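Me: Could you pick one part of this protein and take me through it closely? I'd also like to know how it sits within the whole chain.

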Amino acid sequence: MPKSSTPLAEARFVGDNLALDFINTRYGVGAAERECFVDDASVIAWLRQAEALPDDVQVAPHDLLQLALELRENAEELVTAAKLRIATEVHVINRVLRSGAGIQELRWDAASQSYRVFSARRQCDAASLLYPVAEALVALLTDTPLDLVKACEAHDCTLLFHDVTKSHRRRWCSMAACGNRMKVAAFRERKRAE
C-alpha cells in the first residue's frame with residue numbers, strides 16, 4: 001500500500017532533538033505509514049515549523065526534497081549504526097556539512113563596541129538549508145549518550161526520541177498519544193483477564 005502524504009500539521013516534534021524530529025518526518029507502520037516530505041515546499045514548511053529556517057528564505061531550492069530524503073535516510077542509518085556500535089556510510093551528511101556550512105567573519109559591532117563573529121549562509125541552496133539538521137545530527141552522534149536515544153514502545157509507532165527525563169525511563173514518543181493509548185490498552189487487557 002502506498003505511503004500517504006501527511007499535512008505538515010501532523011509532523012511529529014516529539015524527539016527533543018532536531019535530527020530525531022527530522023528522522024521522524026516519516027513514521028507509522030504499514031497502511032498507517034506517513035510521509036511529511038512530499039515536495040520542496042513541504043520541506044521548507046517543516047524547517048520553518050522546526051525553527052531551523054532563516055526568516056529571509058521564501059522559496060525552496062529545486063533539489064531540496066531530494067537532498068532532504070537522502071539526508072533523512074542517511075541520518076536514520078547513522079543513528080541505528082551508532083547505537084549498534086558499527087560504522088556506516090557518511091557521504092550524504094558530509095556533503096551537507098561541507099557545502100552547507102555558513103561563512104563566519106569577524107566584524108566590529110558598534111552596538112557592543114567589540115568584535116563579534118557573524119555567520120552568513122553562502123547561498124540559498126538545499127545543503128545550506130539542511131545544514132542545521134546535519135549539525136544537530138553530528139551533535140547527537142558525538143555528544144549524546146546513544147542509550148538515551150530510544151524508539152517509542154508502542155507496537156505501531158516508529159518515532160525516535162532523546163530521553164531527557166531525569167530518571168531516563170521515558171517509554172513513549174508522547175504520553176498524550178502513544179503513552180495514553182498503551183496504558184488504556186493495558187488496563188483493558190487486565191480487566192479482561194479478571
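**The patch on the hairpin, and its surroundings**

Reply: Happy to! Starting at the N terminus, the elements of the protein chain follow the order β-α-β-β-α-α-α-β-β-α-β-β-α, which comes to six helices and seven strands (DSSP runs numbered from the N terminus, with helices being H or I of at least four residues and strands E of at least two). This is a predicted model, in which local features need pLDDT of at least 70 and side-chain atom pairs count only at pLDDT 80 or more, while totals for chains, interfaces and linings use all residues. Residues are numbered from 1 along each chain as its sequence is written, and side-chain values use heavy atoms, leaving out hydrogens and water.

The chain averages a pLDDT of 88, with 91% of the residues scoring at least 70 (pLDDT is the predictor's confidence in each residue, from 0 to 100). The C-alpha trace spans about 75 × 40 × 35 Å along its principal axes. Of the 194 residues, 40% are buried (under 20% relative accessible area; exposed is over 50% and partly exposed in between, with a 1.4 Å probe and protein chains only). The accessible surface is about 11,500 Å², and carbon and sulfur atoms hold 52% of that (Shrake-Rupley method, 1.4 Å probe; for residues, only the protein chains shown count as cover).

Now to the part I picked. Leu106, Trp108, Tyr115 and Val117 make a nonpolar surface patch of about 510 Å². Patch residues have over 30% relative accessible area and no salt bridge, with like charges joined within 9 Å and nonpolar side chains (Val, Leu, Ile, Met, Phe, Trp, Tyr) within 5 Å; a salt bridge is a side-chain nitrogen of Lys or Arg within 4 Å of a carboxyl oxygen of Asp or Glu. Strand E4 (103-109) and strand E5 (114-120) are the elements that give two or more residues to this patch.

E4 and E5 are antiparallel and pair over seven bridges (pairing takes at least two DSSP bridges between the strands). Leu106 has Val117 of E5 as its bridge partner, and both belong to the patch. Val117 counts as exposed because its relative accessibility is 55%. In a regular strand, side chains alternate between the two faces of the sheet. Four residues lie between the two strands of this hairpin, where Gln113 takes a positive phi near 50°.

For contrast, look at Phe37, in the loop between strand E3 (34-35) and H2. Phe37 counts as buried because its relative accessibility is 3%. Leaving aside residues up to four places away in sequence, Phe37 touches Phe22, Thr25, Ser42, Val43, Trp46, Leu65, Ala68, Leu69 and Arg72 (contact means heavy atoms within 4.5 Å). Ser42, Val43 and Trp46 are among the buried residues of helix H2 (residues 40-49), whose cover includes H1, helix H3 (64-84) and helix H5 (126-143).

His168 is near 55°, in the loop between strand E7 (160-162) and helix H6 (175-193).
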